[in-house]
Amino acid sequence: MSDLAQLVFIALLLLPCYRIYNIKSAKQKQCYKGAVGDSGVLLKLQLDPSGQYAVTSCTDKSLCLLDFKTGDLLATMFGHSELATGVKFMPDLKRLVSVSSDGCIFVWRLPPELTESMRGRLEEMGRLPMEAINGEDKR
C-alpha cells in the first residue's frame, strides 16, 4: 500500500463522489467525482498497488479509472449488464478485473503508460510484485 493510502480514509457515502480524509486530523482533504453522471452512486473503490490510480464501480453499471491524487477521470468503461460488485488491479499491473452481480467477469487491459507509471512508483517504494517483473507477455 502506498504512503498516501496509509494516511487517508476514503468515504463513498452513497454519493457520486468519494471523499478523502486525513486519518490523523480527521479533516477532509479532497472530494472527487468518481462517477460519470450525477445519477450514479459509488459502490466500490479500489486503489492500484502503487496508490496512484483508483477504479470505481457505480450504480449506473460503469467503471471509472481515476488519478487518485488529482481526481482526474482517465477512462470510463461500460459493459456489465448488472452492477459491478468487485474490481481489482491485477499484480502484473497490466489488467483490471471486474465482476458483476450476474456472475460475469471482465478483464480490462490497462494503457501501457499506466502500467509503466505504477511499475516505476512500486520500484521506488521497493514493492514491485514478482508478477510485474516476470509478466512480460504481450497479452
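## Salt bridges

E124 and R121 both belong to helix α2, where they sit three residues apart, about one turn of the helix; helices (H or I, at least four residues) are DSSP runs, numbered from the N terminus. The model is predicted, so that local features need pLDDT of at least 70 and side-chain atom pairs count only at pLDDT 80 or more, while totals for chains, interfaces and linings use all residues. Residues are numbered from 1 along each chain as its sequence is written, and side-chain values use heavy atoms, with hydrogens and water left out.

E124 and R121 form a salt bridge, a term that denotes a side-chain nitrogen of Lys or Arg within 4 Å of a carboxyl oxygen of Asp or Glu.

| Salt bridge | N to O distance |
|---|---|
| R95 and D92 | 2.4 Å |
| R119 and E116 | 4.0 Å |
| E124 and R121 | 3.4 Å |

Accessibility is classed as buried (under 20% relative accessible area), exposed (over 50%) or partly exposed (in between), with a 1.4 Å probe and protein chains only. E124 is exposed because its relative accessible area is 64%, whereas R121 counts as partly exposed at 25% relative accessibility.

R119 and E116 also lie in helix α2 (residues 112-125), three residues apart, about one turn of the helix. R119 counts as buried because its relative accessibility is 11%; E116, at 49%, counts as partly exposed. In the salt bridge between R95 and D92, both residues are buried.

Technical notes: Helices (H or I, at least four residues) and strands (E, at least two) are DSSP runs, numbered from the N terminus.
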